[in-house]
Each structure stands twice: as C-alpha cells, then as structure tokens.
Amino acid sequence: MTKSIMIVGVGGQGTLLASRILGNTVINEGYDVKVSEVHGMSQRGGSVVTYVKFGEKVYSPIIDMGEADIILAFEQLEAYRALPYLKKGGKMIANNQKINPMPVITGVAEYPENIFEKISKEAELIEVDALSLAEEAGNFKAVNVVLIGVMAKSTDIPYEKWVETIKTTVPPKFLDVNLKAFDLGYNT
Amino acid sequence: MKKLLLGNAAVARGAYEAGVRVVSSYPGTPSTEITEEVAKNYPEIYCEWAPNEKVAGEVAIGAAIGGARAMSCMKHVGLNVMADPVFTMSYIGTNAGLVFCVADDPGMHSSQNEQDSRHYAEAAKIMMLEPSDSEECKEFTKKAFELSEEYDTPVFLRLSTRISHSQSMVELKDREEKELLPYEKNIGKYVMMPGNAKKQHVVVEERQRKLSEYANTTELNKVEENGSKIGIITAGISYMYAREALGDKADYLKLGMVYPLPEKLIKDFAAKHDKVYVIEELDPFIENFCKSAGVEVIGKGEFTLLGEYTPTMIKKVVLGEGAPECSAIPEQIPVRPPVMCAGCPHRGTFYVLKKLGLVVSGDIGCYTLGAVAPLASVDTTICMGASVSAAHGMAKARGAEFNKKLVSVIGDSTFMHSGITGLVDIVYNKGANTVIILDNSITGMTGHQDNPTTGYTIRKEETKQVNLITLCKSIGVERVVVADPFDLQNFEAVVKAEVEADEPSVIIAQRPCALLKTVNYTGHCKITDKCKKCKVCMRLGCPAISEDGNGGVRIDTTQCNGCGLCINVCPFGAIEKED
C-alpha cells in the first residue's frame with residue numbers, strides 16, 4: 001500500500017529539506033520512493049507543495065485531491081488550502097504560524113479566521129507551535145525539522161533512523177540545532 | 001548501489017557514466033540542476049555556464065566535432081534561443097556523441113509559456129528520447145550518446161518539470177571512459193554551405209528512414225500487456241500517471257523514443273485493442289502521428305491541451321470513475337503568489353519606478369515579480385532580452401516624449417544573455433532609451449548561478465569579470481551611472497535625469513541579492529511610536545510588513561531580515577533597527 005505525504009508551506013520555509021529528510025529515511029526502510037519538489041519562481045515566497053510517496057512500487061510522483069495520508073503544513077493558510085488533498089481519515093499536522101500572503105498585505109483579501117477550528121471539523125489535526133520549539137532549539141529557521149520530528153512520531157520508523165538521515169542531510173554547521181529541533185518535535 | 005536522485009541529477013549521472021567530457025548550458029528552470037550536479041559531483045567533466053543557450057549549444061557542438069562526448073541542457077524556451085545551430089547540426093551530424101537535453105514546463109511552474117519541444121524534433125529531424133523516472137533519465141541519457149554516434153546525429157533528451165524535479169531510485173554504475181575520437185578535416189560534412197548541405201539533406205532523409213525503422217524494434221518503446229481491451233499509448237510522466245490510474249485494467253505502449261514514432265508498432269498495438277487512448281501532456285504530438293497513419297485513437301478530444309495531467313483525470317476519462325471523496329474549503333481563501341523576498345534589491349528600483357509612473361519594459365528573472373501588486377510596476381515581459389529591444393521599438397513608435405516616460409529593466413545575467421545586442425541596436429539606430437541593469441551580483445531566479453559579471457566560474461574558480469560600465473561605454477553609451485536602489489532619494493534623482501536625456505543611458509542598479517551568503521543583513525526592523533500610520537512603507541510590498549489590525553502597521557520578525565529599506569522610505573523616521 002502506497003503512503004502519500006504532502007508537505008506544504010511558504011517558499012523559503014525549508015519544505016524541500018523536510019521532504020528530502022523524509023524521502024531518504026523511508027528509502028533506508030527498503031521502500032520504493034518518489035519525491036516531487038518545487039524549484040524556480042514558485043519558491044519565491046509563494047505556496048509550495050512537495051509530495052513524498054512510498055510503498056512497494058510507486059508510479060506517479062504527485063498526490064491528487066483526497067489521497068494524502070498525512071499533510072505536514074508549515075503555515076495555517078497553507079494547511080487550509082491543502083485540506084482537500086487529505087484522504088478521509090487522514091491526518092493533518094500543522095504549524096500554527098501565520099504568514100500573510102501579498103493579497104492580504106495589500107488589503108484585497110482577508111486572512112481566514114479560525115482555520116484550525118475549521119480543519120478539525122473535517123480531519124484529525126495535530127497543532128504544533130513549531131516556531132517556539134525551533135527558537136528553543138536555537139534557530140527559528142529549524143521549523144521544518146521540528147515538524148519532521150512531530151511527524152516521525154506518528155510513523156513506524158524508529159527514532160534512530162530519522163536521526164541517522166538528519167546527520168547525512170543537514171549541513172554539519174547546523175546539525176546540533178537541527179537534532180535538538182527534531183527531538184523537541186518528536187517529544188511534543 | 002541505489003540512490004534517491006532528482007531526475008536532473010540522474011541525467012548528470014548518465015552523462016558521467018557515458019564518459020561525457022564537456023557540458024555547457026545556460027540555467028533555466030526546470031533544467032538547471034543537471035549542469036549544477038555535473039559541476040558539483042563529476043570533476044572528470046569540463047563544465048561551464050555559457051552566457052546563453054545558443055553559445056552553450058555551440059560549445060557542446062564544437063566539443064563533439066572535436067571528438068568528445070558533449071551535452072547542453074536548457075529549458076524549453078532556451079531551445080528557441082539555441083534553435084539556429086540545432087537545425088544545421090541535423091545536417092552535419094556529429095563526431096562524438098552529442099545530446100541536447102531540453103526540459104519542458106507543463107503547468108508553467110516557472111515559465112512564460114507552455115511550448116511543447118517535441119515539435120523541434122520533428123522540425124529539425126532529430127531523434128528524441130523521453131524518460132519517465134530518474135532511472136530512465138540516467139539510462140536514456142547513456143542511450144542517447146550511443147545512438148548519437150551510431151546514427152551520426154545529435155539526439156534530444158526531453159524532460160518535463162515533474163521528471164526533472166522528482167526524486168526516485170537510481171542504480172549507480174561506473175563511468176565508462178571514452179577516449180577522444182580523432183578529429184579529421186571533412187569540409188563536405190562540417191561546412192554547411194549550399195553545395196554540401198544539399199548532399200547532407202539526402203543523408204538526413206536516409207537517417208530518418210532508418211530511425212523510423214529502429215523505432216519499431218528498439219527496447220526504448222515497450223508494450224506492457226495485461227489482457228485488456230483498452231490500449232494506452234503514452235510517454236514520459238504521462239505513463240506514470242496512466243499506470244497509477246489504470247493499473248492492469250489497460251495495456252500500455254510506453255514510448256521512450258518520441259521521435260521518430262514507430263508506425264508499425266503503433267498499428268499492431270492498436271489492432272489488438274477495442275479502444276486506444278493517447279495520453280500526453282500539452283500538444284497532440286503522438287495523437288496526430290497516429291491519426292495521420294490511419295490509426296483511430298482518442299486524445300485531445302477527451303484530454304486537455306493545458307497544464308499537467310493527474311491520475312484522477314485519467315481515471316475519469318478512461319474508466320469513468322470519480323475522484324476520491326475529500327473535504328471542501330467552504331470559503332474563498334487568498335492566493336499566495338510568489339513575491340520578491342524580504343531584502344530584495346529590486347524592491348527599491350520598482351518602488352521608484354512606480355512612484356515616477358514610468359512605463360517599464362520588463363524581462364525574465366526574479367524582477368518579473370515587479371509586475372505583482374502593490375508595486376505592479378512592470379508593463380511587459382516577453383522573453384530574455386526583450387526589455388531592451390522592445391523598449392527601443394516602443395520609443396520609435398511613440399516618439400521622444402513617450403521615451404522620457406519609458407525604461408527597460410534587465411538583470412545582470414539576462415543582460416549578458418541577450419540584452420547587449422538590444423543595447424547595440426539602440427545606440428546604432430539613434431535611440432535615447434534608458435536601460436536599468438539590475439545588478440544583484442548573481443543569476444537569481446534559477447537559484448544563484450554565476451555568470452560573466454560575477455567573476456566566478458560554475459566551479460567557483462576566480463575568473464575575469466565583465467565590467468558592465470566599460471562594456472556599455474564601448475558599445476557607445478556615454479551616460480552610464482551606477483546607483484544603489486536602496487538609496488531611494490539618489491536613485492530617484494538618477495532615474496529622472498537619465499530618462500530626460502536625449503541620448504541612450506544605462507543605470508546600473510547595484511545591490512546584491514539578499515539571499516547570497518555574502519549578504520549579512522542583521523537584526524530586524526521595528527515600528528516605533530513615531531508612526532503616523534501613513535502606510536507609505538506598505539507600498540514597498542515587503543512580505544514582512546502588514547497591517548496590525550488597529551489601523552497601524554507591524555513588522556513580522558520571522559520574515560524581516562533587517563535590510564532597512566523601510567527605514568529609508570518612512571517619511572517620519574518611525575522605523576528603527578533592533579538586534
């Protein structure tokens with residue numbers, strides 16, 4: 001059975017690194033894996049979506065509406081936007097950070113209210129204050145690894161395997177902060 | 001050894017394993033990482049960023065004629081720039097293996113059009129392979145070099161965004177070293193003047209005939225039988241979507257070679273099925289071939305010409321099955337388009353251009369985002385380099401007064417790519433345009449590639465740096481001014497003076513990209529109680545500045561990088577820097 005995990009956020013939040021940590025961890029578990037990434041213009045502060053799919057044999061690298069087992073959302077509005085992609089009975093893990101998109105900044109649109117309340121009516125929601133945890137780990141940019149930590153806890157893959165991948169994926173300079181961030185996420 | 005690789009990284013690996021010696025490219029999403037991966041991982045390969053795709057392609061062509069396996073990689077619109085030598089190389093053929101790797105962008109994730117590059121294969125009579133995952137990216141690259149040498153032709157490798165930017169498993173093999181092939185003078189083959197070209201055209205048509213036969217038997221094209229009466233003819237990423245959507249409910253003819261197409265194979269496959277669908281993104285390339293061969297297929301009548309496909313879409317058309325149940329969002333939610341980053345040097349430029357109400361002839365790069373609200377400053381964006389030449393045309397059409405309200409904006413890398421010739425045209429033909437070169441010290445949009453103005457090669461070796469000032473002066477532009485776009489007052493004065501001038505002028509707006517490691521903005525900005533809530537700072541369109549809900553303004557410290565542009569724009573000195 002193929003597992004489909006969607007990672008959504010705002011360009012610049014580090015979703016790419018998160019998808020690579022996830023992809024490389026599941027490979028080491030012996031699965032076939034496909035990771036679909038976003039590069040180029042979409043990375044410049046826009047909505048970004050990456051897909052990670054693993055199982056015995058994976059064909060399509062993309063995830064359609066109603067197909068994601070887990071959505072890992074780095075920002076509230078992006079969590080909401082991705083909701084239709086969640087499978088019935090799927091799990092949404094969402095950072096409670098809010099980042100205003102340009103139409104909100106310029107005043108032509110409003111940031112929706114009570115997003116988490118609306119999501120939890122539709123799906124199982126795990127809310128995370130990833131920004132605070134990342135700051136606690138020593139760098140607010142480690143939000144991505146905090147969230148990977150939270151997600152790791154809800155998989156069958158053992159803790160050590162995740163740590164192993166982080167050690168090989170993250171630049172050595174930031175390793176300590178990231179390992180701490182992962183732990184904080186994992187233990188929340 | 002197996003490894004998870006991006007399609008682009010797998011193409012690079014394929015080139016390495018195939019014994020390639022030279023790679024020359026110009027960056028362009030979604031193709032950029034191929035050449036970057038070569039530079040990073042395979043020191044055996046000489047590798048460079050060329051100023052544009054035509055130059056890059058010609059470097060690869062020269063290397064191949066010189067006896068080395070060579071490759072050039074580009075995005076779909078880059079192939080337009082390179083098209084000139086491509087058509088003639090079809091006649092010349094090659095000496096050592098020569099591959100042009102072109103990445104299309106269905107869905108336009110990072111492009112200005114959705115062109116289907118398969119038409120180039122047909123138009124130039126050059127064979128084209130198309131992989132479906134990273135493993136095939138690597139293997140097809142190697143195969144492309146073999147076929148290039150066997151059939152004495154350049155070979156296209158066609159990718160699409162989902163292939164280039166998806167990671168999947170790849171079996172790594174060793175490099176097979178290829179000695180340089182001897183270079184022998186051969187005027188009849190390498191000098192394409194009419195007398196020689198007439199003879200070579202005969203060779204091309206004979207090659208076409210042979211390749212069309214080869215297409216029927218090559219293992220690149222595969223039939224997958226599941227005993228179904230539904231037949232699917234497909235290629236590239238569409239195969240993966242179809243396979244996921246339909247599983248063993250259909251039979252497949254998966255084409256790894258999309259030009260020339262295998263007539264007999266297609267006819268035989270179609271004859272065994274009651275209903276045959278052609279599933280291909282963008283244009284009905286395979287479909288039209290089938291129809292012209294008299295094979296009845298269902299294609300664009302059911303499938304869209306626009307954007308990317310999905311398995312759900314295919315399931316619906318072929319099996320009539322609905323999409324899986326899912327939650328709906330019960331309200332309209334704001335979109336989140338890409339924006340210029342916090343600290344982007346272009347923000348200062350566009351703030352001034354908007355303030356002055358100028359017509360802005362734009363170009364391709366991060367600064368295309370200068371068309372997005374609230375700056376909404378850019379008037380036109382067409383292709384690489386057009387900002388300069390199109391503005392010259394506009395000025396010639398509308399006259400000198402209009403020209404005083406008109407500027408071109410073009411990045412440093414784009415100026416090197418194809419802005420210089422436009423500027424030459426302005427000087428030569430007595431124009432008086434003002435061209436602003438947005439010199440942010442790097443090729444930004446594609447993810448920080450060096451270019452001739454940065455002083456470094458692709459492998460970060462120091463090299464001569466093109467001096468934009470002397471370059472523009474040598475063309476004949478006498479008014480060349482360097483200005484910092486964050487010094488808003490001075491920048492505005494400079495722009496005003498230059499558009500007024502009755503001769504060509506160049507403003508070099510110099511400030512490095514905020515994402516460069518060498519740029520160390522620190523701390524962040526904060527609004528103090530001197531704020532009069534005038535909201536001038538919000539006109540910058542900085543992602544860190546938004547309304548606070550009480551009629552005032554707040555700065556999001558997680559987004560702000562402390563660049564200080566808002567401090568410069570505030571008329572009341574109400575924004576300060578804090579650590």
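The exercises below, each with a worked solution, concern a predicted model of a structure with chains A and B.

Because the model is predicted, local features are taken only at a pLDDT of at least 70 and side-chain atom pairs only at pLDDT 80 or more, while totals for chains, interfaces and linings use all residues. Residues are numbered from 1 along each chain as its sequence is written, chains are lettered from A and ligands numbered from 1 in the order in which they are written, and side-chain values use heavy atoms, with hydrogens and water left out.

**Exercise 1. The interface**

Describe the side of chain B that touches chain A, beginning with the residues in contact and ending with their classes.

*Solution.* Begin with contact, which means heavy atoms within 4.5 Å: 56 residues of chain B are in contact with 55 residues of chain A. Next take the buried area, that is, the accessible area (1.4 Å probe) that two parts lose on being put together, summed over both. The two chains, B and A, bury about 4,900 Å² between them, and 59% of this lies on carbon and sulfur atoms. On the side of chain B, the residues that lose the most area to chain A are Ser327(B), Pro334(B) and Arg336(B), together 17% of what that side buries.

Then turn to polar contacts, defined as pairs of N or O atoms within 3.5 Å; within protein, one must be able to donate a hydrogen and the other to accept it, and residues adjacent in sequence count only if both atoms are side-chain atoms. The rule finds 19 residue pairs in polar contact across this interface, both residues being at pLDDT 80 or more. Helices (H or I, at least four residues) and strands (E, at least two) are DSSP runs, numbered from the N terminus, and among those of chain B that each supply at least two residues to this side are β1 (2–6), β8 (166–171) and α10 (236–246). The most comes from α10(B), with five residues.

Finally, sort by class: Ala, Val, Leu, Ile, Met, Phe, Trp, Tyr, Cys and Pro count as nonpolar, Asp, Glu, Lys and Arg as charged, and the others, Gly among them, as polar. By this count the side of chain B that touches chain A has 29 nonpolar, 17 polar and 10 charged residues.

**Exercise 2. Salt bridges**

*Solution.* The rule asks for a side-chain nitrogen of Lys or Arg within 4 Å of a carboxyl oxygen of Asp or Glu.

Burial is judged by relative accessible area (buried under 20%, exposed over 50%, partly exposed in between; 1.4 Å probe, protein chains only). Glu37(A) is therefore buried at 3%, whereas Arg20(A), at 28%, is partly exposed.

Within chain B, Glu17(B) forms a salt bridge with Lys142(B), their closest N and O atoms being 2.8 Å apart. Glu17(B) belongs to helix α1 (residues 7–17) and Lys142(B) to helix α6 (residues 134–151), 125 residues apart, and both residues are buried.

**Exercise 3. Strands**

Trace the pairing of strands in the open sheet of chain B, and then the pairing between the chains.

*Solution.* Two strands pair if DSSP finds at least two bridges between them. In chain B, seven strands form an open sheet with mixed pairing, in the order β3-β2-β4-β5-β7-β6-β12. Its edge strands, β3 (46–49) and β12 (257–259), each pair on one side only. Strands β5 (residues 98–104) and β7 (residues 155–160) of chain B run parallel and are joined by six bridges, with Phe100(B) opposite Phe156(B).

Between the chains, strand β2 (residues 32–36) of chain A pairs with β8(B) in the antiparallel sense over three bridges, and Ser36(A) has Ser166(B) as its bridge partner.

**Exercise 4. Backbone exceptions**

Locate the cis peptide bond between Thr29(B) and Pro30(B), and the positive phi of Lys430(B).

*Solution.* Most residues other than glycine have a negative phi, and most peptide bonds are trans. The cis bond joining Thr29(B) and Pro30(B) has an omega of about 10°, and Pro30(B) lies in the loop between β2 (22–25) and α2 (32–41) of chain B. Lys430(B) has a phi near 60°, and its place is in the loop between α17 (412–428) and β16 (434–439) of chain B. At 74% relative accessibility, Lys430(B) counts as exposed.
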